[in-house]
Amino acid sequence: MPFAVPDTPRFQSWCIAFTLSCVCVASHASQIIDTDVSKWVLAAICVSLVFSFSGVVSYLTILDKFQGRVETVTASFLVIFWAASLPFIMDPGNNIAVTSTNFAIVNANLYFFSWAAFGYSLLIFAQVASEIAVRDLTKPNGKIAKWLGLLVSSIIVVASSSQYRSASCPSELDGLSTCRRNSYAISVGALGLVIPAVVLVLMILKRMVVKLEFGISSLMFLLYTFAVGFVTFGDGPASKSVSNLYFSTWVGFALSLVLAFDCFKALVEPETEKVIEDDKEGFEGTPAPIIEDFEEVETRLEEDRKDIPSQEQGRTEKNWLDRTDDEDKSVNPDTIGEDYEETEV
């Protein structure tokens with residue numbers, strides 16, 4: 001029996017998550033690191049690979065039975081295992097993807113693909129959760145995934161900046177200005193933990209107001225705008241090397257910008273629709289003066305129709321008289337000779 005390939009975005013997300021997990025397993029297995037932490041990371045990635053593969057196979061075989069609670073549980077375990085393995089992968093002390101020497105990347109494939117796999121697992125979970133929250137499989141709320149992504153980015157900002165502070169700031173190796181910038185990153189990350197979590201709860205409970213969401217998203221955008229300037233420019237802690245703090249700060253800035261734009265759009269669109277509806281109601285409520293003229297025209301047409309029989313009767317009598325005159329003036333060929341003889345006599 002041939003497989004029916006579902007044409008849905010989430011099936012593509014499951015396929016991409018499975019592919020990313022394969023790359024992570026291959027890149028980590030190529031390293032020669034015989035430690036307990038390395039073995040734990042390899043086991044967690046393999047389990048994530050199994051869950052993503054089960055999602056792909058389920059979409060190809062038992063889609064109706066898989067969608068719903070089963071898919072939610074599968075996506076939840078996928079997120080849990082990636083969230084459990086990422087801190088060990090990104091810990092410079094383990095020398096798995098990042099080294100302790102200036103926080104440099106030593107395994108680029110594992111570093112980038114593990115973050116991508118974690119991101120796609122969050123995307124799948126957010127899509128399933130949004131569908132369950134709105135109880136409508138055709139209109140999922142895309143902003144839930146963005147707020148969840150902002151929450152995860154803030155967690156990474158807090159973890160990375162706290163790690164940098166414990167490694168560099170006590171001895172002030174990078175100077176006082178860098179440590180102050182790093183403290184601001186910790187503050188923004190902490191706010192990014194609380195605010196998106198509250199927004200997600202309100203959205204799931206359907207208590208979120210558009211104006212309130214626009215204000216919160218604008219505040220997060222403002223905070224991350226200063227965070228990008230303080231953390232990734234000048235003497236910022238993420239300006240000297242490509243690290244988790246660098247990427248998470250920029251991701252948080254991008255997500256807050258997109259959320260602020262989406263909320264502004266949602267705030268403006270209802271007003272536009274209201275204006276259109278008011279114009280439509282005003283147009284429908286305005287009396288049309290043309291209707292009276294049209295009735296007058298119909299009345300005149302009816303009167304003209306009444307006069308048509310008399311006109312046709314007159315036209316018929318006129319045609320009859322014309323035919324009579326023509327008959328009188330016409331010459332009968334049979335009587336031409338007789339008429340001639342009478343005239344001659």
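Helix α1 and helix α4, the latter spanning residues 69-90, pack at an angle of about 30°, with their axes 13 Å apart; here the axes are lines fitted to C-alpha atoms, for helices over the stretch in contact, and angles run from 0 to 180 degrees between N-to-C directions. The two helices, α1 and α4, are therefore roughly parallel to each other, given that angles under 35 degrees count as roughly parallel, over 145 as roughly antiparallel, 65 to 115 as roughly perpendicular and the rest as oblique. On the α1 side the contact is made by Arg-10, Trp-14, Ser-21 and Cys-24, and on the α4 side by Glu-71, Thr-74, Ala-75, Leu-78 and Trp-82, where contact means heavy atoms within 4.5 Å. Sorted by class, this contact of α1 with α4 has 5 nonpolar, 2 polar and 2 charged residues; Ala, Val, Leu, Ile, Met, Phe, Trp, Tyr, Cys and Pro count as nonpolar, Asp, Glu, Lys and Arg as charged, and the others, Gly among them, as polar.

The model is a predicted one, in which local features need pLDDT of at least 70 and side-chain atom pairs count only at pLDDT 80 or more, while totals for chains, interfaces and linings use all residues. Residues are numbered from 1 along each chain as its sequence is written, and side-chain values use heavy atoms, with hydrogens and water left out.

Helix α1 (residues 9-29) also packs against helix α2 (residues 36-61), at an angle of about 155° and with the axes 8 Å apart. This pair, α1 and α2, is therefore roughly antiparallel, and the crossing of α1 and α2 is left-handed. The residues of the contact of α1 with α2 divide into 18 nonpolar, 6 polar and 1 charged.

Taken as a whole, the protein chain has 11 helices and 0 strands, these being DSSP runs (H or I, at least four residues, for helices; E, at least two, for strands) numbered from the N terminus. Of the 345 residues of the protein chain, 33% count as buried, that is, under 20% relative accessible area, with exposed meaning over 50% and partly exposed in between (1.4 Å probe, protein chains only). Among the contacts in the protein chain with a separation of 6 or more, 73% come from residues 24 or more positions apart.

What does the search for disulfides give? A disulfide is a pair of cysteine sulfur atoms within 2.5 Å, and by this rule the count comes to 0. Cys-22 is in no disulfide, and its nearest cysteine sulfur, that of Cys-24, is 9.3 Å away; Cys-46 is likewise in no disulfide, the nearest cysteine sulfur being that of Cys-22, 9.9 Å away. At 31% relative accessibility Cys-22 counts as partly exposed, and Cys-46, at 31%, counts as partly exposed as well.

Several individual residues show how separate parts of the chain meet. Ser-114 is found in helix α5 (residues 108-134) and counts as buried because its relative accessibility is 0%. Leaving aside neighbours within four places in sequence, Ser-114 is in contact with Cys-24, Trp-82, Leu-86, Ile-89, Met-90 and Asn-109; Cys-24 and Trp-82 also take part in the contact between α1 and α4. In the loop between α4 and α5 lies Thr-99, which is buried, with a relative accessible area of 15%, and which touches Pro-92, Ala-104 and Val-106, not counting residues up to four places away in sequence.

Beyond its neighbours within four places in sequence, Ser-160 is in contact with Asn-244 and Leu-245. Ala-185, in helix α7 (residues 176-204), counts as buried at 1% relative accessibility, and, with neighbours within four places set aside, is in contact with Val-157, Ser-161 and Val-231. Leu-257, which lies in helix α9 (residues 244-285), counts as partly exposed at 39% relative accessibility, and is 36 residues from Phe-221 in sequence but 5.6 Å from it in space, C-alpha to C-alpha.

Key. A crossing is left-handed if the near helix is turned anticlockwise from the far one by less than a right angle, and right-handed if clockwise.
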